[in-house]
2 protein chains.
Amino acid sequence: MYRITNVMARKKEYIEEEVIEKAMHLFWHNGYEATSVRMLEKEMGINQFSIYSSFGSKHGVFQESLKCYKQKVSAIFNKLKTSTRGVEDIKEFFYDSIRVPEELGNQKGCLVTNTYNEFAEKEDDVISKEIVDFMEGVKAIFIEKLSMDSSKDEATIRKQANYLLLAKHGLAAASRVNSKEELEDYIEMTFRNI
Amino acid sequence: MYRITNVMARKKEYIEEEVIEKAMHLFWHNGYEATSVRMLEKEMGINQFSIYSSFGSKHGVFQESLKCYKQKVSAIFNKLKTSTRGVEDIKEFFYDSIRVPEELGNQKGCLVTNTYNEFAEKEDDVISKEIVDFMEGVKAIFIEKLSMDSSKDEATIRKQANYLLLAKHGLAAASRVNSKEELEDYIEMTFRNI
DNA sequence: ATAGTTTCTAAGCTATCGCTTAGTTTTGTT
DNA sequence: AACAAAACTAAGCGATAGCTTAGAAACTAT
């Protein structure tokens, strides 16, 4: 991913997009720190040399994994952005958030939220800042949706957006352990006063 | 903490309760994995040998730290248990939850919740199970409080208790980064539909 | 003062961490 | 067939992880 070959030589025996997807699932399952380069080696099916020549560092593999994850879940974000029903879109987004990870075959919640939880404790971390920005983006969409109801004043919108963002965060954490029914109950309760 | 001395010899130059409190703050600040025994050594002000002879292992230090933490926050749990105003007690408990850590001089949320988040990814973990039990205990108290309102049916109580437990979880996570005002808004929003 | 017991300091143990390097194999060009 | 460039394998790098050990220091009982 770092250089473009212009001279013909031995060919790569793996496809970077494919091995990154495997890495993504491993990071998703174990978290960043608990995933060693040796584990990545096994899971991705390639040698450490190949990992480092393709992605530069463990951090690099993780960032590509995050990109991969974001791409996988981009559909539900596009749906959220393009729909125009207001609050109902956000609620649908919550339901999508517990459905899609299940379809991807991973019961470990949301990789972005998990990563945020893992890195939030460390100061000055690049990944943490990136994710905070990402979440601010989600909050901005929530505000936009809430603003479609003209009866709401600015202060209410701000409070509700904040509330929903934290609720989404809680939902992602909960989806690692709670049953689907409990998660659905939680979503219904969350939107009862919006 | 493991053995009782019955023969007189050289005296310990530290008090276990005191050094554990320092360890607790370090774990609280950095999380379990990111806290090394060398860091504990510095923070606790005692040698590694002393750490291991007093607490057996890093895990042992952490478990004692958790006990220490629980004792520090026991006041707000006792308040929650002994009050009899129903839902209002739970709300007060939420407010206490963001106030007490602040008073303890640590802005890193709730140690129990942080630990839960850190260990939830690993399977078969003793600490994780212990905390799940702890949270079930909290949920039981919520149910008790909610049941004081006789107009609520059992299904509603169950849903609301579940909702509040997840909301509490989200609040603890949020208190590491959000402002006090945002947290207060979140609490108010959470209890608007109970 | 000596013996016996415990705690102290400081060095070192093995295992694993992220990462690199040496040397072989595969490829396309000439 | 010879060569250059890139990717492969596998060994090994220094640093750090949790934990242990050897021996000096401090204490009480006799």
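1. Start where the chains meet. In this predicted model, 27 residues of chain A are in contact with 27 residues of chain B. Two helices of chain A, α9 (154-174) and α10 (180-190), each supply at least two residues of the side that touches chain B. The largest share comes from α9(A), with ten residues.

2. Next, the make-up of that side. The residues of chain A that touch chain B divide into ten nonpolar, eight polar and nine charged.

3. Now look within chain A. The chain is divided into domain 1 (16-69) and domain 2 (74-193). Their centres, taken over C-alpha atoms, are separated by 26 Å. Nine residues of domain 1 of chain A are in contact with seven residues of domain 2 of chain A.

4. Which elements give two or more residues to the side of domain 1 of chain A that touches domain 2 of chain A? They are α1 (16-30) and α4 (58-72) of chain A. Of the elements on that side, α1(A) gives the most, with four residues. By class, this side of domain 1 of chain A has five nonpolar, three polar and one charged residue.

5. An unreviewed entry lists residues 13-73 of chain A as "domain: HTH tetR-type". In the model, that span is 75% helix and 0% strand. Its end C-alpha atoms lie 28 Å apart.

6. UniProt places the feature "DNA-binding region" at residues 36-55 of chain A. Here the chain is 80% helix and 0% strand. The end C-alpha atoms of residues 36-55 of chain A are 15 Å apart.

7. Turn to chain B for a helix pair. Two packed helices are described by the angle between their axes and the distance between the axes. The axes of α6 (residues 87-103) of chain B and α10 (residues 180-190) of chain B come within 10 Å. They cross at roughly 165°. Angles over 145 degrees count as roughly antiparallel, so α6(B) is roughly antiparallel to α10(B). The crossing of α6(B) and α10(B) is right-handed.

8. Finally, find the residues that meet in this pair. From α6(B) come K91(B), F94(B), Y95(B) and I98(B). They meet K180(B), L183(B) and I187(B) in α10(B). How many residues of each class does the contact of α6(B) with α10(B) have? There are five nonpolar, no polar and two charged residues.

Definitions and conventions
Residues are numbered from 1 along each chain as its sequence is written. Chains are lettered from A and ligands numbered from 1 in the order in which they are written. This is a predicted model: local features need pLDDT of at least 70, side-chain atom pairs count only at pLDDT 80 or more; totals for chains, interfaces and linings use all residues. Domain bounds come from an automatic or database domain assignment. Two residues are in contact if their C-beta atoms, placed from the backbone, lie within 7 Å. Ala, Val, Leu, Ile, Met, Phe, Trp, Tyr, Cys and Pro count as nonpolar, Asp, Glu, Lys and Arg as charged, and the others, Gly among them, as polar. UniProt positions are given in the numbering used here, feature names are shortened, and annotations may be inferred rather than shown by experiment. Axes are lines fitted to C-alpha atoms, for helices over the stretch in contact, and angles run from 0 to 180 degrees between N-to-C directions. Angles under 35 degrees count as roughly parallel, over 145 as roughly antiparallel, 65 to 115 as roughly perpendicular and the rest as oblique. A crossing is left-handed if the near helix is turned anticlockwise from the far one by less than a right angle, and right-handed if clockwise.
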